[in-house]
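Dear colleague,

Please find below the structure that I am handing over to you. My notes on it follow directly after.

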Amino acid sequence: MDLETVPTKFARSLLNLAAERGYDHSGLLTVAGIGFNPLNSRSAGYQANISAMQYTKLYQQVMSLLQDEAFGLMLGQSVTPGAFRMMCYCIIGCENLEKAIKRACEFFRTFYDADAQIYLDTRKDSAIVGYGSIKKGFAGDKVDMADLYGLSIWHRFFCWLVGSNIELKEVRFAGQSPSGKTRVEKYQQLFSCPVYYGQLRDEFVFDTRYLSYPLVHNERTLKEFLRTAPYPLMVMSGARDDGSLVARVRAMIGHDFSQGFPSFERITDALNMSAPTLRRRLKKEGTTFQQLKDECRRDAAMAYLGNSELSINAVAALMGFTDPSAFHRCFKKWTGTTPGEYRQQERENSR
């Protein structure tokens, strides 16, 4: 299960930012494909959630207007829109995940109140990351998509930093269990681990071994990430993996190739591994760097084609093709169908 939708209140926070600076929201909503007014819960067609792509389109417009590459994750929690971007640049040079999380904690602790802070706690072989002050008087509050979104995005951001899935041991929410067996099962499916309710804080727990993982990104790849955020994290697979080298290299290759592929040398440097050693270990796992690049490009293309709001030419550009016809030829070679045929098949399968 991916974060296919985002609570409308996050869109409301973005629109409020634009309104504070005198921008009209109607044009922003049209471009984002949002057919109702998120600022008015009684407006015609109002929905509690919007799609990941709608939110990303709205986010990118507002940040462009504000000339800010803010991530938008903490909007609505008394955090300025540029905070996450600046935190990213503060932590990207850290040598491992533990130092990155600690620096992020220090950043928010320095500038913001308790409700906006994140924290890291370690106990024996478990690392605990959460945010917000200890909740009191929450007995009647149920966990909703906003709570889910916050924890999941932080988890996925850490996965992106180290280029590997961080398998969670458990997730804890201050709110009470949501209504309905289906929703409870979906929440657990999203995190692929036990989920507990009525706890002191919203937090997730993982093995401390991940804290020693090196960061695999730099300022260039961070800038590319911020350019398309938060969509990359929202479509990131939440499935478990075995921590294999192949999984880590695939994560480092990513899914936005509009600026080209990461070089083999950059990946060997990030993994602190010589080129011959990386080739040998990939071969042992039954693949090559070129094969992984092709597979990542194919999988990314298929994922983006599943979102009808992106034109096929836009998908081609994300895959690094300046000539859409070249994308059509490659996609047919990868899958046996054209991009248009694949998209049609996906629409029919989803009915």
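Which residues of helix α2 (residues 25-32) are buried? Please keep in mind that this is a predicted model. In helix α2, the buried residues are Leu28, Leu29 and Ala32. Viewed down the axis of α2, these buried residues lie within an arc of 95°, so they line one face of the helix. Their packing partners are α1 (8-20) and α3 (52-65). After α2 comes Gly33, which has a positive phi, near 75°.

The model contains an open sheet of five strands with mixed pairing, and the strand order is β3-β4-β7-β5-β6. Strands β3 (118-123) and β6 (195-196) form the edges, each of them pairing on one side only. Helix α5 (residues 97-111) packs on this sheet and touches β3, β4 (126-131) and β7. The direction of α5 makes about 135° with that of β3.

Within the sheet, strands β5 (residues 168-172) and β7 (residues 202-207) run antiparallel and are joined by four bridges. Val171 has Phe204 in β7 as its bridge partner.

Finally, a word on the cysteines. The structure holds zero disulfides. Cys105 has a relative accessible area of 5% and therefore counts as buried, the cut-off being under 20%. Cys193 is likewise buried, with a relative accessible area of 4%.

With kind regards

Key:
Residues numbered from 1 in each chain as written. Predicted model: local features only at pLDDT ≥ 70, side-chain atom pairs only at ≥ 80, totals over all residues. Heavy atoms only, no water. Pairing = 2+ DSSP bridges. Helix = DSSP H or I, 4+ residues; strand = E, 2+ residues; numbered from the N terminus. Contact = heavy atoms within 4.5 Å. Axes fitted to C-alpha atoms, helices over the stretch in contact; angles between N-to-C directions. Buried < 20%, exposed > 50% of the residue type's maximum accessible area, 1.4 Å probe, protein only. Arc of directions from axis to C-beta. Disulfide = S-S within 2.5 Å.
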